[in-house]
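Please look over the sequence and the model before reading on.

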Amino acid sequence: MRGADRGATGSFQVTARFTHANDSCAGAVPLAVPSTVAGTTLAANTDAGLPSVAGPLGQSFAGTTAPGVWYSLQLPLGVQGQTVSLDTLGSAFDTRLTVFWGNCSALAPVTSNDDIDPSGASRVAFRAVAGRTYFVLVHGESGASGAFQLRVALASSPANDDCASALAIGPSDGSANGTLAGSTGEPSTYGALALAPCGSDSAAFDVWYRFDAYCDSLLTLSTCGATDTLLSGYASGPSSGPGTPVALACNDNGAGTCGFGSRVQLPIAMFQTYWIRVASAQGVDLGGAFQLQWSVPDTDGDGYNECVDDCPGAPL
């Protein structure tokens, strides 16, 4: 204060700006796995210069449009075959989750999601490599910001998580126990309804099966159990070539099934391979156990379905 100002009175305004410790990638707050943390993006910066990230549901990330804050996580060495899931259910605004790995000066894309349910919450799931550092950006969509809750979960990754690693079933009638816990969604340029038009637009997380047909017939598939499943079948899968796979059959909560099961019938042709997708009916679900059952008609009643019967027209 200058000497000439002593004794002077008047009003004044002080402007202060709160800075988040994790406002940048370099200040990312480590996350315990599993855990739940509360945070806010209010007064955070909008990050620029981030790499594009492909995600399921056709929701690729091509740059931030709202403020965000950063977290990091790392699974210990020796912890293999695990899926990390993060969601913002219960948050106060339209969130987006984007995951990278590497270091802050050279981030590599992992996955991203905008809306996994009508509330604007987000959910991502990815198979984590032990010892690798992942960076999680919690940000908004279209300028949105506010308070959020970030939940982190861990589950074993199913062996048939991707279409390319589909589990072979048949040709004899049978069943297989499966789980959607730890399932992820493969990056795609198309939405969930393009892949399974009978389901919801958030059905991103799935596991895959493969049936090699040895006859011209009808394949019946159904799921059973407490997990709400979405069931669909294809003559080509996401790993088979470009374009959106066209569902030959699709069902959610079909008649004649148990629990939250689904049921489809696929016309099959000899020497053709078919891909079977079992997905969580709602993307917000962490998934759980189910049983997949399949059968082909035994037209001559000899106890063997048409795909394994050496004499399909000759009964015992």
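With which side chain does the side chain of Arg277 make a polar contact? The partner is the side chain of Asp206, at 2.7 Å. A polar contact here is a pair of N or O atoms within 3.5 Å; within protein, one must be able to donate a hydrogen and the other to accept it, and residues adjacent in sequence count only if both atoms are side-chain atoms.

## Basis of the report

This is a predicted model, in which local features need pLDDT of at least 70 and side-chain atom pairs count only at pLDDT 80 or more, while totals for chains, interfaces and linings use all residues. Residues are numbered from 1 along each chain as its sequence is written, and side-chain values use heavy atoms, with hydrogens and water left out.

## Overall form

The protein has one helix and 18 strands. Helices (H or I, at least four residues) and strands (E, at least two) are DSSP runs, numbered from the N terminus. The C-alpha trace spans about 115 × 40 × 35 Å along its principal axes.

Of the 316 residues, 47% are buried. Buried means under 20% relative accessible area, exposed means over 50%, and partly exposed lies in between (1.4 Å probe, protein chains only).

Five strands form an open sheet in the order S10-S12-S17-S14-S15, with mixed pairing. Strands S10 (167-169) and S15 (247-252) stand at the edges with a single partner strand each, so one side of each has no neighbour in the sheet. Two strands count as paired if DSSP finds at least two bridges between them.

Strand S12 (residues 206-212) runs antiparallel to strand S17 (residues 273-280), and seven bridges join them. In this pair, Arg210 stands opposite Trp275 in S17. Arg277 is also found in strand S17, and it counts as buried because its relative accessibility is 2%. Leaving out residues up to four places away in sequence, Arg277 touches several residues, including Asp206, Trp208, Leu230 and Tyr234. Contact means heavy atoms within 4.5 Å.

## The four-strand sheet

A second open sheet has four strands in the order S2-S9-S4-S7, with antiparallel pairing. Its edge strands are S2 (35-40) and S7 (123-128), each of which pairs on one side only.

Strand S4 (residues 82-87) pairs with S7 in the antiparallel sense over six bridges. Val84 stands opposite Phe126 in S7.

## Strand S16

In a regular strand the side chains alternate between the two faces of the sheet.

Strand S13 (residues 217-224) pairs with S16 in the antiparallel sense over six bridges, and Leu219 stands opposite Leu266 in S16.

## Backbone exceptions

Most residues other than glycine have a negative phi, and most peptide bonds are trans. A cis peptide bond joins Val33 and Pro34, with omega about 0°; Pro34 lies in the loop between strand S1 (29-30) and S2. Another cis bond joins Gly170 and Pro171, with omega about 5°, and Pro171 lies in the loop between S10 and strand S11 (174-179).

Ala43 has a positive phi of about 70° and is found in the loop between S2 and strand S3 (68-73). At 41% relative accessibility, Ala43 is partly exposed. Ser142 has a positive phi near 55° and is found in the loop between strand S8 (134-140) and strand S9 (147-156). At 64% relative accessibility, Ser142 is exposed.
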